2 protein chains.
Amino acid sequence: MFKIYGDIFSGNCYKIKLLSDLLEIKYEWHPVDILKGETRTDEFLQINPVGAIPVLVDTTGEIYTESNAILYFLGRGSEYWPETVELQTRVLQWMFFEQYNHEPNIAVARFIERYLGLPDERKEDYLSKQKGGNRALKIMNSALSGSKYLIGEYPSLADISLFAYTHVADEGGFDLSQFPAVQKWIKNIKRLPNFTGMEI
Amino acid sequence: MFKIYGDIFSGNCYKIKLLSDLLEIKYEWHPVDILKGETRTDEFLQINPVGAIPVLVDTTGEIYTESNAILYFLGRGSEYWPETVELQTRVLQWMFFEQYNHEPNIAVARFIERYLGLPDERKEDYLSKQKGGNRALKIMNSALSGSKYLIGEYPSLADISLFAYTHVADEGGFDLSQFPAVQKWIKNIKRLPNFTGMEI
């Protein structure tokens, strides 16, 4: 059975759980507490030198890191990875957008608010994330105004990747009611068979 | 013929040129000047709503963005994309590492120094990038101490992706002599047949 090391309230970790549940892949969940420094211990750095979660350990003991690479590993043979190189490239395009434009704004703002309790010394940083986060949500809203899912009429790894932090963006101070196509898309994903939320 | 919109001194754009040259893919290069605001004009935002380069336009007029997704589009059928899902996942792992841990530190420090001339108001930002950049280089150095290329004995899209900003990291204040395995790897890539540098 696969082992997943993660914090279920981290969107990057939740992505892996959500895809596994959707595909009915069995896994053992190993909780890791970021705030207690558990990703920076010598033991953990042996597993992942980047000091980040999630980490997936497959049945042969091989270790995989980077949430979106793990989504590929688990989802490549499924309906969440399309068949043509053109659509595959679109999926990757959205996943790189997620790690570069979306996560560093929305996930970080949420971390400062939800995990750290919005302390004064992080307020400037928090506010600077609002602009970039809203820009990312606007780009998603525009794409989703024309289609049910990010790359067309069927859900893909791109949706799983971007759903994780988007559906809890309000916890980072973002107002999703400004992005109606995103709200509709969140409802569509929540209706997928075997969908599960941020709990173990 | 493919069209590539880019700035050749941007590592993200150079990646696309380098892979195209290695694979002898023909392209028309359309220069875009970031400093003149050419990525934020209404006309350009129609092409890429994210307002970033590179952009690839294929022979049918389809538009692709995100440098590492474009590498996949161009390289998927070549020897730079390995055959097993395990190695493919490793390639993606390094490419997501590049966009999350490497580029935001090394490329941004280089931009501040080389493009902006290290103005006083960006000095704090510049210094904060040194720590993360050196950490990324250390992780690469450790991986490259055990193998010729990032995922083993053959070059892959992971190497093209990470070579782009690494080989000019000195322009962002990084001292590559501290990372001998990285220096050796740079030499190996420069010896690949059809290798070309940052010029058109």
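This briefing walks through a two-chain model, topic by topic. The model is a predicted one. Chain A and chain B bury about 3100 Å² between them, and 14 salt bridges are counted over all chains.

**Where the chains meet**

- The contact takes 32 residues from chain A and 32 residues from chain B.
- Of the roughly 3100 Å² buried between the two chains, 60% is on carbon and sulfur atoms.
- Tyr72(A), Phe96(A) and Tyr100(A) are the trio to look for: they supply 21% of the area that chain A buries against chain B, more than any other three residues.
- There are 2 salt bridges across the interface of chain A and chain B.
- Glu62(B) and Arg90(A) also meet through their side chains, in a salt bridge with an N to O distance of 2.8 Å.

- Strand β1 (residues 2-6) and strand β2 (residues 27-31) of chain A run parallel and are joined by 5 bridges.
- If you want a spot to start from, Ile4(A) stands opposite Trp29(A) in β2(A).

- Tyr64(A) lies in strand β4 (residues 63-65) of chain A, and it counts as buried because its relative accessibility is 1%.
- Beyond its sequence neighbours, Tyr64(A) touches residues of chain A, including Pro54(A), Ile70(A) and Phe73(A). Its contacts in chain B are Glu86(B), Thr89(B), Arg90(B) and Gln93(B).
- Tyr64(A) and Ile4(A) are 60 residues apart along the chain, and their C-alpha atoms are separated by 9.7 Å.
- Over in chain B, Thr65(B) sits in strand β4 (residues 63-65). Thr65(B) is buried too, with a relative accessible area of 6%.
- Leaving out neighbours within four places in sequence, Thr65(B) is in contact with Gln93(A) from chain A, plus Asn48(B), Pro54(B), Val55(B) and Ile70(B).

**Helix α5 of chain B**

- Helix α5 of chain B covers residues 123-144, which is 22 residues. At 1.5 Å a residue the helix should span 32 Å, and its end C-alpha atoms are 31 Å apart, so the two agree.
- Several residues of α5(B) are buried, among them Tyr126(B), Leu137(B), Ile139(B), Met140(B) and Leu144(B).
- Those buried residues pack against α4 (85-115), α6 (157-166) and α7 (180-190) of chain B.

- A cis peptide bond joins Ile53(A) and Pro54(A), with omega about 5°. Pro54(A) is in the loop between α2 (42-47) and β3 (55-57) of chain A.
- In chain B, the peptide bond from Ile53(B) to Pro54(B) is cis, with omega near 5°, and Pro54(B) lies in the loop between α2 (42-47) and β3 (55-57) of that chain.
- Asn194(A) isn't a glycine, yet its phi is positive, near 70°. Look for Asn194(A) in the segment after α7 (180-190) of chain A, where it is partly exposed at 38% relative accessibility.
- Glu24(B) is another non-glycine with a positive phi, about 55°. Glu24(B) is in the loop between α1 (11-22) and β2 (27-31) of chain B, and it counts as exposed at 62% relative accessibility.

**Salt bridges within the chains**

- Glu98(A) forms a salt bridge with Lys15(A), with the closest N and O atoms 3.0 Å apart. Glu98(A) is in helix α4 (residues 85-115) of chain A and Lys15(A) in helix α1 of chain A, so the pair ties together parts that are 83 residues apart in sequence.
- Both partners are buried: Glu98(A) has a relative accessible area of 0%, and so does Lys15(A).
- Lys123(A) and Asp120(A) meet in a salt bridge at 3.6 Å, N to O. Lys123(A) is partly exposed at 36%, while Asp120(A) is exposed at 65%.
- Asp21(B) pairs with Lys17(B) in a salt bridge, at 2.9 Å between the closest N and O atoms. Both lie in helix α1 of chain B, 4 residues apart, about one turn of the helix.
- Arg110(A), Arg114(A) and Glu171(A) are linked in a network of salt bridges.

Notes
Residues are numbered from 1 along each chain as its sequence is written. Chains are lettered from A and ligands numbered from 1 in the order in which they are written. This is a predicted model: local features need pLDDT of at least 70, side-chain atom pairs count only at pLDDT 80 or more; totals for chains, interfaces and linings use all residues. Side-chain values use heavy atoms; hydrogens and water are left out. Helices (H or I, at least four residues) and strands (E, at least two) are DSSP runs, numbered from the N terminus. The expected span of a helix is 1.5 Å times one less than its number of residues. Buried means under 20% relative accessible area, exposed over 50%, partly exposed in between (1.4 Å probe, protein chains only). Contact means heavy atoms within 4.5 Å. Two strands pair if DSSP finds at least two bridges between them. Buried area is the accessible area (1.4 Å probe) that two parts lose on being put together, summed over both. A salt bridge is a side-chain nitrogen of Lys or Arg within 4 Å of a carboxyl oxygen of Asp or Glu.
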